[in-house]
There are 2 protein chains.
Amino acid sequence: MHSLNVDLGERSYPILIGSGLLKQSMYFAEHIRGRQVLVVTNETIAPLFLETLLSSLSSFDKVDSVQLPDGEAFKTLDTLNRIFDALLEKRHDRSTTIVALGGGVVGDMSGFAAACYQRGVDFVQVPTTLLSQVDSSVGGKTGVNHPLGKNMIGAFYQPQLVLIDIDTLATLPDRELSAGIAEVIKYGMICDAPFFAWLEENMDALLARNPEALSYAVQRSCTDKAAVVAEDERESGRRAILNFGHTFGHAIEAVQGYGKWLHGEAVAAGMVMAARLSHLRGWISAGDVDRLCSLLSRANLPQQSPSDMTVDDYLQAMAVDKKVQNGKLRLVLLEALGNAQISDDTPKDQLVEALRACGAK
Amino acid sequence: MHSLNVDLGERSYPILIGSGLLKQSMYFAEHIRGRQVLVVTNETIAPLFLETLLSSLSSFDKVDSVQLPDGEAFKTLDTLNRIFDALLEKRHDRSTTIVALGGGVVGDMSGFAAACYQRGVDFVQVPTTLLSQVDSSVGGKTGVNHPLGKNMIGAFYQPQLVLIDIDTLATLPDRELSAGIAEVIKYGMICDAPFFAWLEENMDALLARNPEALSYAVQRSCTDKAAVVAEDERESGRRAILNFGHTFGHAIEAVQGYGKWLHGEAVAAGMVMAARLSHLRGWISAGDVDRLCSLLSRANLPQQSPSDMTVDDYLQAMAVDKKVQNGKLRLVLLEALGNAQISDDTPKDQLVEALRACGAK
């Protein structure tokens, strides 16, 4: 078992990574302060892991669970309300702990519910997808979507514990494994060139679900993300580099309708757009863009815009993206492979050229 | 103009209290950091003050407003979503400031919307009722109700500024003025016996809306509340004394249906219940209970339970109240007039006796 600490002062918390952790009641007993627990999961994950988790929680006084419908399309205020319904119907008080069992959607909604229920209760993340293990479980971003924008309603809220059981990846569909790998590749691109090289060496092992390779990729990704988050918890500056590829990716998700492209797939195409734009600005080389595309291709991830999206679709969707500050478009670009920078002064013609080079009409 | 500071470290903010402040654009210019503003108000308040406020905000680049339906019955996630709709339709970004113009419902929902929109934007309170001026505008509690419990969904979130224009009280209906006075009386009861005596002297002036008397009562109430909040921002301990009368009051509101009794009316009856219970426990004297009842009576506030409520109604409603910790009923009682204490060990038979003494069946 590997343990790492997300260093946020009084809001610091541990991430435990290993095999078979879900079965170990001691980790829950150690980190959950109250005697009440609500497990939030979804209809896909529940048959796989809920029973195991509930049995690890059996020493608590009150253990309830609620199952949400599966998918980004249900990451809404309405679905969030089902968590509040469960908490109130089962009479959970302020001392309760919400345990999120599932992927990013379950984690983001559970965390936001924990932030809001009675103005804040404890929270534990048990992410079961690669994407949520390497991304959404670290850093405290929680929330839901709005029809006019992704993650527009939410809170910064830190868990008491993140418990990552690598065994949960055994049942993950191939497409979702790849979507998670997109975010793993991102860490290499934005801040960890040696990790990018490691991924080029070990992509086959990851896709074959080699436990050592997966475990290392998760640890390294969480370590990279935790370092960025510790420096800038509330995204007033540097943390925004974690959004590399995401401004474009959110545009794809918003225009296609949430859930049609997986988040990681949209981010993969978005990273290529951001990389091409970085190259047009004279920063990274064409060879670096090719290395990214090649690695994404091996991971079965898209490198192009959806064929039905126009340049205008992107420009419009990006104008309401959170990365817009006082009317200026803020993008994360690469000065070099392994070194992202936040840029406020992208010329519009280069932006359009990069979008077209990625297949936008 | 009187200014006082709510001392919460980096989340400190000023409360400005005076006559004609709404017309003074300088206060807004000084405390609003961005160039975008969304005013949130309701259909009752908008015809009275919205135009004046908008003209004080005319120097900002983007000024929009949204009008919510009036009343506690609309303090819901659904109504909250109308604020998000407005922000996104009008393309407000992270640099926007939400200005709440109205009473406690508008303030609580606007503050919660500010806490959640893009994970947190700036917030200014312009409370226009006595209740919101002396209570909800100080201390950062924001949120909405759930059908199963009041204020069950929310956040602690501090504004950048609270601006209290005493002139707004001129149009306040008598019943709402009285409801506000209930919370003013509360400060005297829980922590400020000299202020209670001042209220006994000056109740007629308050009811006649004497500006000096109102201004003094607002200042003193805000000062008392700010001192309690500064000591315990997130209600881990002492701050709970501000809930004096509220556990009973929330039961009344929940059982009667939100909005039938005004919050201050329910708190008034709840304070008498808590005071009677304090007397039964051997703490305050029967004379102190009489002083409270007499002052409430002069302020045209109830001193009895709604006649259709039973003891069981109270016990059931109170079991889901936020003041329950790990299954124990936590109540705020009075050791003396002007000195509240939090008590975890109320005997149930005394609780029932106090409820019956206040007319519960």
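**View 1. A:Asp308 counts as partly exposed, at 49% relative accessibility.** Buried is under 20% relative accessible area, exposed is over 50%, and partly exposed lies in between (1.4 Å probe, protein chains only). The model is predicted; local features need pLDDT of at least 70, side-chain atom pairs count only at pLDDT 80 or more, and totals for chains, interfaces and linings use all residues. Residues are numbered from 1 along each chain as its sequence is written, chains are lettered from A and ligands numbered from 1 in the order in which they are written, and side-chain values use heavy atoms, with hydrogens and water left out. A:Asp308 sits in the loop that joins helix H11 (286–298) to helix H12 (311–319) of chain A. Helices (H or I, at least four residues) and strands (E, at least two) are DSSP runs numbered from the N terminus. Not counting residues up to four places away in sequence, A:Asp308 touches A:Gln256, A:Asp313 and A:Lys361; contact means heavy atoms within 4.5 Å. The C-alpha atom of A:Asp308 is 7.6 Å from that of A:Ala360, 52 residues apart along the chain.

**View 2. A:Leu214 is buried in chain A, with a relative accessible area of 3%.** This residue belongs to helix H8 (residues 211–231). Neighbours within four places in sequence aside, A:Leu214 has contacts with A:Ile166, A:Leu169, A:Leu177, A:Leu206 and A:Arg209. Between the C-alpha atoms of A:Leu214 and A:Leu130, which are 84 residues apart along the chain, the separation is 8.8 Å.

**View 3. Chain A superposes on chain B by a rotation of 180° with 0.0 Å of shift along its axis (RMSD 0.0 Å).** The two copies are thus related as by a two-fold rotation axis. In chain A, the C-alpha nearest the axis belongs to A:Leu77, at 3.8 Å. The superposition is by least squares on the C-alpha atoms of residues with pLDDT of at least 70 in both copies. Of the interface residues of chain A, 100% are also interface residues in chain B, so the copies meet through the same surface.

**View 4. Chain A holds 13 helices and 13 strands.** Its C-alpha trace spans about 60 × 40 × 35 Å along the principal axes. Buried residues are 62% of the 361 residues in chain A. Of the contacts in chain A with a separation of 6 or more, 75% join residues 24 or more positions apart.
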